[in-house]
Amino acid sequence: MRHIKVNRYENFSQTAAELMMNQVEKKPNSTLGLATGSTPKGMYQELVKRSADLSQAVTFNLDEYVGISSDHPQSYRSFMEENLFQHIRVGETLIPDGEAADLAAECERYEQLINQHGGIDLQVLGLGHNGHIGFNEPGTPFSSRTHVVDLAETTRKANARFFNSLNEVPKKAITMGIETIMEADQIILLVYGEDKQQAVNRLLQGDVNEQFPASILHEHPNVTLVSGGVKVLN
Ligand code: GLP
């Protein structure tokens, strides 16, 4: 795992945006795996500032809540539209459909779409406090594909800041599986802020364990960890 350490959020976001821009310059019709959350917001702002041209790219988001509509202000579709898609030129933008009547079929469809596009060239990931990637909570098999998950209470609490109350936070989501994520050619893991200190240091200890999903990234040949605003082990 390569590790780029920066201090300020601005540098962090610029570094992440440059990695994305490099990929798209190298291959304009890239398949990009995108993440939501507070961490990548600055990277998206940078891409907008730089007028990134993703018109030939296809994007796949990692996850989506189940049980809220795609136009709900807190859906990941809304997040992506507001933070990126509305502001740049972008090709097809795919996000799991959390409103699908048959959720298992939706997971299967999403997997097929990824395959039809030749797999993901570059996957952006954030890190949950409990080591989750996408919404793959601790204990998720490393062999998992796109699936429906019950969100951990700690994850619902962490995300409650975006909703009016904890009650409103969905209890389920669709997420790409860990194996799905691991099949990406290249992965950028973005970790910013003191509250992620424990999680990132646990990752850097190197123990690969399903109780800490992000630890599997040590077995991927092309991962870049970009960390900022956090004291790290090495
Ligand atoms: C969320 C998302 C993840 C995200 C993570 C960290 O629940 N499902 O994709 O990476 O938790 O979020 P944040 O960047 O807001 O800390």
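This is a predicted model: local features need pLDDT of at least 70, side-chain atom pairs count only at pLDDT 80 or more; totals for chains, interfaces and linings use all residues.
Visitor: What makes strand S4 (residues 58-61) and S7 a pair?
Guide: They share 2 bridges in the parallel sense. Two strands pair if DSSP finds at least two bridges between them, so S4 and S7 qualify.

Visitor: How many helices and strands does the protein chain have, and what makes a stretch count as one?
Guide: The protein chain has 7 helices and 12 strands. Both are DSSP runs numbered from the N terminus: a helix is H or I over at least four residues, a strand is E over at least two.

Visitor: Which sheet holds S4 and S7?
Guide: An open sheet of 7 strands with parallel pairing, in the order S1-S12-S11-S8-S2-S4-S7.

Visitor: Which strands are called edge strands there, and why?
Guide: Strand S1 (2-6) and strand S7 (93-94), each of which pairs on one side only.

Visitor: What makes strand S8 (residues 122-126) count as mostly covered?
Guide: In S8, 5 of its 5 residues are buried. The term asks for 20 or more other C-beta atoms within 10 Å of a residue's own; 12 or fewer is exposed, in between is partly exposed, and C-beta atoms are placed from the backbone. Across the 234 residues of the protein chain, 42% count as buried.

Visitor: Which residues of S8 point one way and which the other?
Guide: Leu 122, Val 124 and Gly 126 point one way, Gln 123 and Leu 125 the other, and all are buried. In a regular strand the side chains alternate between the two faces of the sheet.

Visitor: How do you know which strands S8 pairs with?
Guide: By the bridges. Strand S2 (residues 31-34) pairs with S8 in the parallel sense over 2 bridges, and Leu 32 stands opposite Leu 122. Strand S11 (residues 186-192) pairs with S8 in the parallel sense over 5 bridges, with Gly 126 opposite Leu 190.

Visitor: Where is Asp 63, and is it buried or exposed?
Guide: Asp 63 is found in strand S5. It has 23 C-beta neighbours inside 10 Å, so it counts as buried. UniProt, in an unreviewed entry, lists Asp 63, Asn 130, His 132 and Glu 137 under "active site"; its positions are in the numbering used here, feature names are shortened, and annotations may be inferred rather than shown by experiment.

Visitor: Which sheet has S5 in it, and what leaves one side of S5 without a neighbour?
Guide: S5 is in an open sheet of 3 strands, ordered S5-S10-S9 with antiparallel pairing. Strand S5 (63-66) and strand S9 (147-150) stand at the edges with a single partner strand each, so one side of each has no neighbour in the sheet. S5 and strand S10 (residues 172-175) pair over 4 bridges in the antiparallel sense, and Asp 63 has Thr 175 as its bridge partner.

Visitor: Why does Ala 100 count as partly exposed?
Guide: Ala 100 has 17 C-beta neighbours inside 10 Å, which means it lands in that middle class. Its place is in the loop between S7 and helix H4 (103-116). His 220 is also partly exposed, because 17 other C-beta atoms lie within 10 Å; it sits in the loop between helix H7 (197-205) and strand S12 (223-228).

Notes:
Residues are numbered from 1 along each chain as its sequence is written.
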